[in-house]
Amino acid sequence: MTARANRLRWLVSGESAFPWLAPLIAMLVVFTIYPLVYNVWLSFHEYAPFKRRVEPVGLDNWSALLSDDRFWDSISVTFTYFSAMLIVQVVLGMAIALLLDSEQRGFGLLRALLTLTLVIPPAITGMMFLLIEDPEFGVLTWILERVGILDGTNPILATGSTALLGVMLADVWQWTPFMVLIFMAGLRSLPSEPYEAAMLDGATSWQTFRRITLPLMGKVIAVAVLIRGIDLFRIFDYMFVMTSGGPGTSTYTLSLYAWQQTFSFIKWGYGATISLVSLILILIIANLFILVSKVRW
Amino acid sequence: MRDSDRKRYLAKVVDDYVRRRISRRRFLSTSAQLGLGAAALGSGMGRPFWGYSPAHADDMLQPSKDVLDWVADVSKPFRGTTLKLATESTPPSNAINSQLKPYFEEASGMKIEIEVLPLEQVLQKLTLDIASQLGTYDLYYIDQSWAAFTSRDVFDPREQLADKPDLAMPEWRVEDFLPALVDGIARYEDRLVGVPYDIPIFIMMYRKDIWEDMGFEAPTTLEQYYEQAKAITDEMGPDMYGATGQMKSGHYSLECDWTAWLWGHGGSIFNSDGKFSGNDERGIEAMEYWTRLYQTMPPGVTGWTWDGQGQSIAQGVAASMMSWGEFFPYFDDPSATKVSGLMEAVRCPAPKRPLRTVSDTGYGEIPGVGHQGGSSLAVSRNSKNPDPAWIFMQWATCHDTQVLITALGGGTGPTRTSVYDDPRIIANNRVGPGTTRHLGVVRETIANDMGSEPDLPEWAELSNDTIPVRLGKYFAGDYGSAKEAMDDIAQAADKVVSG
Amino acid sequence: MASVEYQGLVKNFGSIEVIRDLSLTVEEGEFVVLLGASGCGKTTLLRMTAGLEEISGGDLFIGGKRMNEVHPRDRNIAMVFQNYALYPTMKVFENIAFSLQISKVRASEVRRRVEEAAAILNLSEYLDRYPRELSGGQRQRVAMGRAMVRNAQVFLFDEPLSNLDAKLRAHMRVEIRQLHGRLGTTTIYVTHDQIEAMTMADKIVLMREGQIEQVGTPDDLFDSPRTRFAADFIGSPSMNFLEGSIEESDGHAYFRSPGLRLSVPDKMAENNSVTAGLRPTDLVIEDSGPLVGDVILSEKTGADVNLHVRTESGPIIVTVSKEMSVLAGDNIRLTINPEKLHLFDNPNGVSLRSN
Amino acid sequence: MMRMLVAYMVVALFMFPLYYWGTTAFKNAKEIFNTPPNVWTFSPTVRNFEEVFGISLGFFRQQEVLPGGGNFYMAPRLWDTIVVALGSTVLSIIVATLAAYGLSRMNFRGRHAFVGWVLSTRMMPPVAVAIPMFFIYKNVGLMDSYLGIILIHAVMNLPLAVLLLKSFFDDIPKDIDECALIDGATRWTIFRRIVLPMAKGGVAATAVLCFIFSWTEFIFVLTLTQTGLKTVPVVSSSFVTSTGTAWGNMAALGVAATAPAFLFILLVQKQLVRGLTLGSLKE
């Protein structure tokens with residue numbers, strides 16, 4: 001009976017998925033499994049500049065990580081950036097989404113305008129904020145000096161305590177609208193009945209938000225956090241363009257450090273090791289998050 | 001021909017060319033006859049786009065027929081070859097890429113593809129190509145600090161001359177290149193890593209008007225320079241600062257500034273044992289000087305590469321800089337800057353102490369206040385087309401092409417002695433965009449003040465990361481003292497060098 | 001046209017058994033209604049017939065041929081879904097024509113058949129519309145039109161009227177029945193609505209927990225429910241149930257319950273735990289009736305009135321003509337023809353009347 | 001009213017950097033570096049655009065060396081960017097719709113794990129993909145080619161595209177598939193004739209995201225191209241020259257490069273908002 005049932009599997013619910021997935025699997029295997037395997041292999045090797053070839057070094061790269069302050073610095077910068085940006089963009093994104101979620105005339109235009117920030121390549125966004133935050137000619141610097149926040153002696157991007165904030169500003173500017181879009185989509189698909197009921201029950205708008213909107217939006221927020229989080233953890237473009245990781249190492253992220261080891265110093269093995277650490281960390285974080293938030297696809 | 005007629009005819013010629021009705025060569029020569037070099041095309045349309053004064057007749061800026069004939073002749077076996085080169089966006093490369101390349105392509109039947117990138121990315125592309133031995137580029141643009149790493153992967157031009165007499169360009173003489181440049185840029189151990197191709201070098205550029213207002217003469221010593229800069233900042237700040245810099249943390253430019261002060265105080269990066277010596281007494285003295293001078297600069301310097309530095313001069317925020325001479329022609333362009341005609345170039349102030357000699361330093365480091373950031377052009381050993389690449393390289397570095405580059409590229413520093421003396425170059429010795437009036441200073445600096453970074457394979461890492469990241473920390477206030485910072489650099493640098 | 005036969009059919013979803021050893025024959029041209037509460041397996045049975053659900057055990061024959069492993073498209077059946085499953089991106093014409101087009105029927109033939117079906121279903125003027133531009137009843141007809149044009153041997157309907165309002169539902173019942181009369185195609189119709197089943201079916205298959213409870217004509221099920229479940233399911237308002245016992249007394253059998261004694265028609269064995277079923281329409285108000293109670297609510301349904309009566313044996317509902325002027329608060333006495341009394345054994349609920 | 005005011009102010013805040021960057025494209029160097037910054041009053045010039053796109057009064061202009069030493073003729077690069085973005089979008093949409101349909105309609109053991117794996121392929125730092133891809137590309141001749149960049153951009157976008165499209169397909173009742181199946185359609189016919197047309201809006205929203213991500217991608221183009229093609233984010237860095245950065249030209253390119261992508265967004269604005277829930281509202 002089971003054999004016959006299995007034969008029947010293809011019938012409806014169980015028609016073979018393989019042909020549909022084959023192109024996807026083929027592309028992902030070539031473009032992601034292969035690099036993964038290659039990186040694992042590389043992490044036990046190192047490029048020898050004088051021999052012009054890659055040589056096995058055993059566990060050297062992995063053990064070098066332990067004593068590499070720059071590596072630990074970059075982990076802490078990455079985590080700071082990652083968590084700060086997630087919180088800021090979720091909160092700000094939600095606030096703006098609530099603000100703009102209206103059928104009134106004019107709001108459509110505002111929503112469309114907001115999406116403009118998404119089409120600017122991050123590399124150009126970085127340059128844009130580099131100009132805006134320039135210590136002498138930047139408009140932001142000028143404004144902040146006028147209102148007394150800056151005193152003219154601490155360039156935003158060249159001061160250890162503010163450089164990361166300066167980079168974050170570009171990220172917030174570029175990606176908060178992305179969160180707004182996602183949250184707006186979520187708000188749009190909420191049922192109206194609970195709101196009507198809450199209105200009749202006399203709930204305040206904050207209570208309505210706390211008790212109805214937030215729980216209903218839970219999944220949307222979780223998905224947004226997951227998608228944005230993955231990209232935030234690999235952040236590269238802004239630092240690459242704006243600060244080169246400086247001043248000192250205050251804006252050096254894991255991705256940037258891996259990039260530099262790989263391309264500037266031709267330490268392919270060490271670069272690969274750092275990349276793998278980055279991959280492992282985000283895999284753990286993402287899976288924990290999926291587990292806790294119960295996101296199902 | 002009346003001016004309006006000329007414009008109308010020109011418009012037709014452009015149109016014909018765009019529609020491929022006439023050849024590029026015919027187009028160029030026709031435009032030249034109309035009194036407009038290829039480069040001057042824009043000026044025919046409405047407003048003077050190309051700001052060069054007609055001090056030289058435009059047909060003077062046509063490549064020499066002899067050279068092109070030679071190219072056509074030796075290139076016969078190689079027609080159809082494609083050559084690739086990655087280069088920083090520098091005046092010579094841009095002049096070749098956008099103006100001169102077509103002449104070569106037409107004569108040789110080869111195709112030249114030039115990839116223009118910021119300096120760090122050129123390094124990344126080049127090292128990846130060498131490391132992979134794949135020969136994705138036929139020619140390398142080699143910053144002098146990479147010479148050690150690349151030396152074994154390029155042809156020594158002297159060998160090429162000897163091995164391929166039939167491909168040698170007549171009158172292409174290695175001896176014509178400024179000897180100081182050959183030593184400083186191209187030589188690694190006993191080999192030549194290509195030939196000098198361009199030479200940005202530190203010269204002193206200052207606002208003559210301000211200096212005169214203050215009653216100063218051009219600074220002759222570093223100490224005097226500091227005092228003048230401080231006086232100007234004290235007097236005119238924060239609207240005007242006496243000096244400026246390129247001091248962005250983690251950036252190569254920060255290291256460049258550092259070496260100038262280090263060498264200027266008789267210090268050196270390495271001692272003769274190959275150990276980092278920036279933390280010795282002279283090194284600390286240099287750091288103290290630099291820290292003082294930094295106080296006279298706009299507070300933004302720690303966020304700037306040469307771009308911000310140059311802009312601070314060009315927009316009238318700072319009064320002087322000891323930096324790349326390449327900027328000078330730009331300062332004289334009234335459409336882009338507020339200081340056209342106000343700048344003056346002189347040799348760098350004299351060092352505080354006698355310079356160390358090469359025998360006191362390590363890895364071929366040559367101390368000198370005039371930090372040079374020159375590059376050489378070389379044929380890659382990994383290239384699949386070394387012979388055509390050699391032809392192109394000779395053409396790109398020959399006297400005639402170098403003159404055109406210097407004229408078109410806006411008064412960049414030539415690497416050949418003969419180019420400085422060419423009438424086409426001398427003709428541009430006047431105030432205005434693309435001026436060559438600073439080239440005399442450049443030439444003297446090369447001969448007398450030039451400082452060259454050491455040649456060792458790890459230098460790329462040291463100069464792009466180890467040193468500027470920590471110097472950046474120093475200026476961000478992360479170290480207690482200059483000594484602490486330099487000791488930290490010493491420790492890190494020695495570790496990098498020892499592997 | 002073809003018969004459909006199920007032999008010992010089984011369906012498991014994992015460890016849950018949804019259909020248990022089910023056997024049934026649907027004759028050629030018959031209109032069979034699968035009736036049951038939701039979750040009873042009727043829809044699963046229908047989907048197994050269509051081939052949309054694999055068969056875990058037993059055999060399915062359509063037109064005498066075993067069909068267990070045959071792909072849905074090769075079973076030559078047509079199905080109308082609960083939400084019609086119209087193709088929203090196609091116009092009505094294309095929706096109806098789709099199956100013909102993919103089986104490569106000539107365009108002129110397609111047009112002829114679609115127009116014919118549209119004429120029957122009064123859809124001729126809507127052929128150029130999209131489904132979203134149609135009313136519920138029209139969408140329903142399009143779904144039927146899709147089934148019709150195929151000349152399928154079996155029509156399957158999966159609760160096709162549940163999304164319509166009451167009036168339209170009544171109307172569509174007639175239309176579907178008429179359509180069946182005209183085409184004569186074997187039809188299996190799934191519903192949970194006993195009125196639909198009663199009004200439309202040639203044969204009702206009442207299902208419960210994956211098994212057949214009773215098979216029969218609507219009259220069979222109404223008049224002779226074989227179980228208490230069947231009796232409860234059919235009829236509106238539902239049958240009244242009173243708990244009690246059967247006792248013999250002076251040669252007659254009586255159904256006894258607190259304060260009540262009703263004659264039982266046949267000779268029946270004593271039984272101390274039975275349920276009596278009294279259809280609201282079978283109860284008659286009679287001054288000498290044995291069943292006494294207070295009217296607590298009178299519910300008008302138009303021609304009739306449903307009286308909710310509290311009796312000593314429990315609450316019951318009685319349907320009377322509205323001419324009978326009974327008001328809430330009245331005390332009434334009721335009687336019932338012993339022939340119309342249904343008796344079910346406790347606890348298995350099987351009818352005690354041998355038919 | 002209050003809300004409207006706040007909304008306008010917030011959006012204005014976000015638009016300000018764009019305004020500033022946009023006007024930078026119309027300023028000459030002196031005005032870009034004015035102190036204090038020149039926000040409202042400057043004399044607009046189109047010179048930056050002329051230099052970047054080589055157009056003047058309707059005539060194509062020669063490539064030129066600018067006084068600062070730049071060579072900024074970027075019209076072909078805009079074209080490269082469009083080809084790459086469109087090509088990779090089409091490719092990822094094709095592959096992702098197929099996969100999303102399979103994942104939405106067919107049950108198989110480990111489906112959730114599979115979707116998780118697909119998502120995880122986006123977690124690898126691009127740096128780590130660049131080196132192995134460099135060698136593969138060099139060996140198979142994809143280096144410096146449209147196809148090569150289109151492929152890698154498509155792969156980069158696949159995880160998101162598959163998830164998005166799956167959520168759209170999940171929204172389409174399975175009854176429709178089954179009805180068509182009984183009607184005699186094959187899975188392929190159902191996919192092509194019925195499900196795909198129904199998910200049009202979702203496909204459009206997904207396409208926009210793919211397009212934007214390809215349009216703005218930096219590392220892969222930087223490492224896997226030489227002279228054959230370059231996209232806008234990468235060439236924008238060539239405005240950083242040895243004699244300073246050509247801010248005006250860079251801004252001009254940025255402005256010009258924003259227009260096509262923004263148009264694309266506007267076309268599908270509604271679907272974009274609708275599509276971004278990623279089906280996450282369903283349990």
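The following legends describe close-up views of a predicted model.

**Figure 1. Strand pairing around β4 of chain C.** Strand β4 of chain C spans residues 57-62 and pairs with strand β1 of chain C, residues 4-13, in the antiparallel sense. Five bridges connect β1(C) and β4(C). At one of these positions, C:Tyr6 has C:Leu60 in β4(C) as its bridge partner. Strand β4(C) also pairs with strand β5 of chain C, residues 65-66, again in the antiparallel sense, over two bridges. Here C:Ile62 stands opposite C:Lys65 of β5(C). Strands β4(C) and β5(C) form a hairpin with two residues between them. In the turn of this hairpin, C:Gly63 has a positive phi of about 60°.

**Figure 2. The aromatic pair of A:Tyr47 and A:Trp268.** Over all chains, the structure holds 64 aromatic pairs. In the pair shown, the ring centres of A:Tyr47 and A:Trp268 lie 4.9 Å apart and the planes meet at 35°, so the pair is classed as tilted. The two residues come from distant parts of the chain, 221 residues apart: A:Tyr47 belongs to strand β1 of chain A (residues 45-48), and A:Trp268 to helix α13 of chain A (residues 268-293). A:Tyr47 is buried, with a relative accessible area of 6%. A:Trp268 is likewise buried, at 3%. Both rings take part in a cluster linked by ring pairs, which also includes A:Tyr34, A:Tyr38, A:Trp41, D:Phe134 and D:Phe135.

**Figure 3. An edge-to-face ring pair in chain D.** The rings of D:Phe108 and D:Phe114 have centres 6.2 Å apart, and their planes stand at 75°, so the pair is edge-to-face. D:Phe108 has a relative accessibility of 27% and therefore counts as partly exposed. D:Phe114, by contrast, is buried, with a relative accessible area of 13%.

**Figure 4. Charged side chains over aromatic rings.** In chain B, B:Arg416 lies over the face of B:Phe177, at 4.2 Å from the ring centre. In chain D, the charged end of D:Lys27 sits over the ring of D:Phe42, at 5.3 Å from its centre.

**Figure 5. Nonpolar cores and the surroundings of B:Trp395.** In soluble globular proteins, nonpolar side chains tend to be buried together. The largest nonpolar core of this model has 387 residues, and A:Phe183 and B:Trp395 have the most contacts inside it. Leaving aside residues up to four places away in sequence, B:Trp395 touches B:Val67, B:Leu68, B:Val71, B:Ile96, B:Leu100, B:Lys101, B:Phe104, B:Met169 and B:Thr401.

**Figure 6. Confidence in chain B.** The average pLDDT of chain B is 85, and 88% of the residues score at least 70. Over residues 31-58 of chain B, the pLDDT is below 50. In the model, this stretch has 64 contacts beyond near neighbours in sequence.

Figure 7. Chain D contains 14 helices and four strands. Of its 283 residues, 69% are buried. Among contacts in chain D between residues at least 6 apart in sequence, 70% join residues at least 24 apart. Five pairs of chains are in contact, and chains A and D share the most contacts. No contact joins chain B and chain C; their closest C-alpha atoms lie 47 Å apart.

How values were computed. Residues are numbered from 1 along each chain as its sequence is written. Chains are lettered from A and ligands numbered from 1 in the order in which they are written. This is a predicted model: local features need pLDDT of at least 70, side-chain atom pairs count only at pLDDT 80 or more; totals for chains, interfaces and linings use all residues. Side-chain values use heavy atoms; hydrogens and water are left out. Two strands pair if DSSP finds at least two bridges between them. Rings of Phe, Tyr and Trp (its six-membered ring) pair if their centres lie within 6.5 Å; planes under 30 degrees apart count as stacked, over 60 as edge-to-face and the rest as tilted. Buried means under 20% relative accessible area, exposed over 50%, partly exposed in between (1.4 Å probe, protein chains only). A charge sits over a ring if NZ of Lys or CZ of Arg is within 6 Å of the ring centre and within 35 degrees of the ring normal. pLDDT is the predictor's confidence in each residue, from 0 to 100. Contact means heavy atoms within 4.5 Å. A nonpolar core is a set of buried Ala, Val, Leu, Ile, Met, Phe, Trp, Tyr and Cys residues joined through side-chain atoms within 4.5 Å.
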